[in-house]
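Hello,

Here is the structure I promised to hand over. Please open it next to this email and follow along.

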Amino acid sequence: MKEKLFELIRKGEVILWAGAGFSMYAGYPSGENFKKIIYNDLSDEQKLQLNSIESYTLDVLSQEYQSLHLGSINPLIHLATEAYKRKPISTKNHDILAKLPFIKTIITTNYDELFENAYGEKGQLILNDKQVPYIDKSKTQIFKIHGDLSNPDSIVLTKDQYLEFLKNRRDNLIWKVLNERMATKSILFIGYTLEDLNIKLKFDEIFEPLGKNMPPSYFIIPSLPSHKILELSKRNIQFIPSSGEDFIEALEQSVKKNLIADFEKNIIAPEDFREICKDNNLQPRLVGTEKGYVLSGLSGANGDAKGSMAFSFDKKHPFKNILTDVLNRKNLKPIVFPTELMKEVSMTIEGFSLPIEGLMLQAIPDLERNIDLYFSNGFEIFDLRAKIYGVEGNLVTILNYENYGLQIEATPMLNGEVNFKINTQHPDKIKNLNTLIKFHELLNAIIGGNKMTIRSNGLLLSSILLPAVIDEGIKLYLNKCKDLKRIESHFQFRLIDFDIKVLNDHLDLVGDIISFIDQTPLNVGAAEMTFDIKRNSPIIIEKASTNTIGDAIAHSGYETVVNFMGNDLAIGYRKIIINDAYVPNITEALKVDGPLAILRSRTDSAIQYYTKTPPTAPVGIE
């Protein structure tokens, strides 16, 4: 189904309809998070006039917010401007779309400027009916149907504004244009949930008037229960399980894969073909014929054609020795030589010169193929690229998954057993947590003493009982990676293209954050806290002075905020139960100008919580 959608997009048969979820990767809030921003901006007195935040939809809360500000829309516009007009942390997905000239109609309910900025001169912003007569069909129209923050009068945010929007839609010139386009093209919804008020209005107010004969539409979301999928299918909407980021990346790969074939089938116009080549560092040579343009040559770093390469090194360079090691399989890793180390470098494809960044040498494996691995613990992984080498009586297998590498060296022993040696290679940049988790699940399955079944194209190649390797560190790392997914979900952010070293430096915070999410205790061992003992009751002071405190509960009066991978996460109020507690500096702490008291455990035993509400008892111990 995804490939069918990709084909429709490449044919220019799709309208993109983007919601707030599609901008979250850029650091902008979802509708639910913007609702929290609005609520948190209210004073305590104003909040008392409202119900709980959960009882409001975004439009209703926005209406209440406006009412609490004497009916002025300006404070609400100010909040939206601060939230959606700040610099994005990434524009990757929008930039990819802007390089693909197939989508000529974009409809969005978002207030940010990601589409306008990504498309630049190739896009045309449409906000009102006065702009419709000047639509330039050579450009991509960006219809911001909920308005633009640069034009506050165009904004649709409050309940009254939504009602006015729906009331006037049928007579709106913009919607007449959109209805004409939607009647003949498929709609791709991305960045919405089925619970989103916006999307329900789209289904009810737009699809039904267009009738059942309109082309199928598509809904991108990571997962849906079966009854929701059925609900979509009744509206001729196909569910595609994917995140927005993964879908855009897959779309880009589909375009690159089918670029030349689509051009030869006249699916892609010559001007669009040139534009795509230009945006992807390719230079085509098109020749006009009676039947149209044909491709006579293609140059570029990603060119798919036969070619030749010539180069030489300085006599002092150890290239010969390096090449010998590669040929003799003493070094199986790829070796890259930058052009700065070479001279007289040239590369041609079908006679056209190409720029070259370097030369890579790698031993040719005895066997190379895609394999599927099945483990007795239930873990499965497919389409791994496997390279197998025979090296001095040993069997070396290199598995590549995404940008990860796994090298397994099997050495037969005299007693008939086989000794396994495993080396791993992580990329410096991790695409997302899913790939990191998948790789470590593979590694965990390999060292777990499982039976491993190898298949290729459905055919059984081998079954091996792998020896168990005791390595609690690998299991612990895998569990922490899975906890990271929970942290992403709870705090509604996504780790994309991050540095593995930076992540490892932040892993010590995972336990505290999960403790807050689950509201479960965390054993922290030799913990200590400082507090103003003079503010506590005489009973506490007496117990501290006589070393008879026993177990103590220590509160923090401040909410803990940790910076995790660039995200400030509020994880509640720290509360520690310190077993067999004592105050080593009690004498100094009781002085008028004395230091804060230090609370420690004689047995180095303490349990920590992060509560969601501040302590009711005075800050200190009880």
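**Overall picture**

The protein chain exposes about 33,200 Å², and carbon and sulfur atoms supply 50% of that area. Accessible areas here come from the Shrake-Rupley method with a 1.4 Å probe; for residues, only the protein chains shown count as cover.

Please note that this is a predicted model: local features need pLDDT of at least 70, side-chain atom pairs count only at pLDDT 80 or more, and totals for chains, interfaces and linings use all residues. Residues are numbered from 1 along each chain as its sequence is written, and side-chain values use heavy atoms, with hydrogens and water left out.

The C-alpha atoms fill a box of roughly 100 × 85 × 50 Å along the principal axes. The chain has 20 helices and 29 strands. Both are DSSP runs, numbered from the N terminus: helices are H or I with at least four residues, strands are E with at least two. Of the 622 residues, 42% count as buried. Buried means under 20% relative accessible area, exposed over 50%, and partly exposed in between (1.4 Å probe, protein chains only).

Now the contacts, meaning heavy atoms within 4.5 Å. Among those with a separation of 6 or more, 62% come from residues 24 or more positions apart.

The protein chain carries 71 positive and 80 negative side chains, and the centres of the two sets lie 5 Å apart. Lys and Arg count as positive, Asp and Glu as negative; His and the chain ends are not counted. Each charge is placed at NZ of Lys, CZ of Arg, CG of Asp or CD of Glu.

Start with H16, residues 472-491. This helix has 20 residues and reaches 28 Å from its first C-alpha to its last, close to the 28 Å expected at 1.5 Å a residue. The expected span is 1.5 Å times one less than the number of residues. Buried in H16 are Ile474, Tyr477, Leu478, Cys481, Leu484, Ile487, Glu488 and Phe491. Seen down the axis of H16, they fall within an arc of 165°, so they line one face of the helix. The arc is that of the directions from the helix axis to the C-beta atoms. The buried residues of H16 pack against helices H15, H17 and H18 and strands S26 and S27. On the other side of H16, Glu472, Leu476 and Ser489 are exposed. Glutamine 492 follows H16 and has a positive phi, near 55°.

H13 covers residues 270-279, and its buried residues are Asp272, Phe273, Ile276 and Cys277. Down the axis of H13 they fall within an arc of 135°, so they too line one face. Glu271 and Lys278 are exposed on the face turned away.

**Single residues to look at**

- Asparagine 93 sits in helix H6. This asparagine is buried, at 2% relative accessibility. Asparagine 93 touches Phe22, Tyr25, Glu245 and Ile248, not counting residues up to four places away in sequence.
- Glutamate 121 lies in the loop between H7 and S3. Its relative accessible area is 69%, so glutamate 121 is exposed. Lysine 139 is 18 residues from glutamate 121 in sequence and 8.1 Å away in space, C-alpha to C-alpha.
- Methionine 565 is in the loop between S26 and S27. Its phi is positive, about 55°, although methionine 565 is not a glycine. This methionine is buried, at 14% relative accessibility.
- Aspartate 604 is in the loop between S28 and S29. Its phi is positive too, about 50°.

Best regards
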